[in-house]
Amino acid sequence: MGNSCAKGSEHKTFKWTIDGFSSLLDKGAGWTCSSVFEFMRVNWCLKLNPKDRKRNDKKEHVSLKLKLMRTSVKPDTVIEASFKFLIYDQSFGKHREHLGNHSFQAASTTSGTSCMIPLKKLKTSGFLVNNSCTFGIEFIKVATVKTSAPLETLFVTKMNVFNEAKVYTWEIQDYFALKNPSYSPEFEVGRYRWFITVCPTSDGNHLSLYLKMKRPNDLPKDSGNLVEFTLSIMDLENGKDKRSTGRYQFSNNVTYWGWRKFISLEDFKDASNGYLIKGKCCVEAKVAVVGPSKTE
């Protein structure tokens, strides 16, 4: 898909088709990320929540956010962006749009939420055809550039015995002997090798926790895998584990996802929380490959 350019302005559109949308709905509320795409020499991704709720509104909405990848912005840089969130009506060849703008910077890498359409209406309209729907983002920038619009299709598959989530537990006998960063032994899920990485943040106030794919070159060019995973630091005393869950795209360009400030070091080292007992702790990863994606 091409883009029309006018003097002094540039438009670029990224389209994201989700095939098997009902399977994504079965997973409930939560944010799913597209693959990473480039615009104006920085990397972005779209985030979709199929069961979002507005404040004081009981109706479920399909919502979109725009995220700037943290590695694309310097601490002293602000990226002012204006854009349109899009959802395509496949029956009439039209689309619904919502204008947005955001000042992206290191401390604010995600735009506000845009509730695009009530979920009930989406299910009974031309936005959802053959269990497939297409979303997009159109950038509006002051520049003179010719670009193409990559189209990503995400194939969400139903969970079964072949792609069900697997759990790996990393038992750390002496946390204080670990190097920074430290890596767990490898484990296999969905024909790929993975490991967990843990390290304190540069300010020394938090603990970072990430899931990393070891050999991303096994993935064909312009393709990726949507991975649903939960990382947990286990409570060895009370059973109240600290955990976070997300669905993210892994590819040759993006080999790891996780949480930079997973837990404060103060809470982690507080013996009453049960996370670190006499130098011992346990980190758990629950990983499932939800479906492949292809960018054309």
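Reader: Okay, and why is Cys282 called buried?

Author: Its relative accessible area is 6%, and buried means under 20%. So Cys282 gets the label.

Reader: Let's do rings. How many aromatic pairs are there?

Author: A search of the whole structure turns up 20 of them. One of them is Phe39 with Phe139.

Reader: What makes the pair of Phe39 and Phe139 stacked?

Author: Two values. The ring centres are 4.6 Å apart, and pairing asks for centres within 6.5 Å. The planes are at 25°, while stacked means under 30 degrees. Both tests are passed, so the pair is stacked.

Reader: Why do you say that this pair ties together parts of the chain?

Author: Because Phe39 lies in strand 3 (residues 37–39) and Phe139 in strand 9 (residues 132–141), parts that are 100 residues apart in sequence. Phe39 is buried at 2% relative accessible area, and Phe139 is buried too, at 1%.

Reader: And why is the pair of Trp44 and Phe104 called edge-to-face?

Author: Their planes are at 85°, and edge-to-face means over 60. The centres are 5.1 Å apart, so with the limit at 6.5 Å they pair. Trp44 is in strand 4 (residues 42–53) and Phe104 in strand 7 (residues 94–105), 60 residues apart. Both residues are buried.

Reader: Which residues do ring pairs link into a cluster?

Author: Phe14, Phe37, Phe39, Trp44, Phe83, Phe85, Phe104 and Phe139.

Reader: What lies over the face of Tyr88?

Author: Lys15, at 4.7 Å from the ring centre. The distance limit is 6 Å, and Lys242 over Phe262 comes in at 5.9 Å.

Reader: Last one: how do you know which stretches to be careful with?

Author: Look at pLDDT. The protein averages 85, and 91% of the residues score at least 70. Over residues 1–10, though, the pLDDT is below 50, and residues 142–148 are also below 50. Where pLDDT is low, the predicted coordinates should not be read in detail.

Technical notes:
Residues are numbered from 1 along each chain as its sequence is written. This is a predicted model: local features need pLDDT of at least 70, side-chain atom pairs count only at pLDDT 80 or more; totals for chains, interfaces and linings use all residues. Side-chain values use heavy atoms; hydrogens and water are left out. Buried means under 20% relative accessible area, exposed over 50%, partly exposed in between (1.4 Å probe, protein chains only). Rings of Phe, Tyr and Trp (its six-membered ring) pair if their centres lie within 6.5 Å; planes under 30 degrees apart count as stacked, over 60 as edge-to-face and the rest as tilted. Helices (H or I, at least four residues) and strands (E, at least two) are DSSP runs, numbered from the N terminus. A charge sits over a ring if NZ of Lys or CZ of Arg is within 6 Å of the ring centre and within 35 degrees of the ring normal. pLDDT is the predictor's confidence in each residue, from 0 to 100. Contact means heavy atoms within 4.5 Å.
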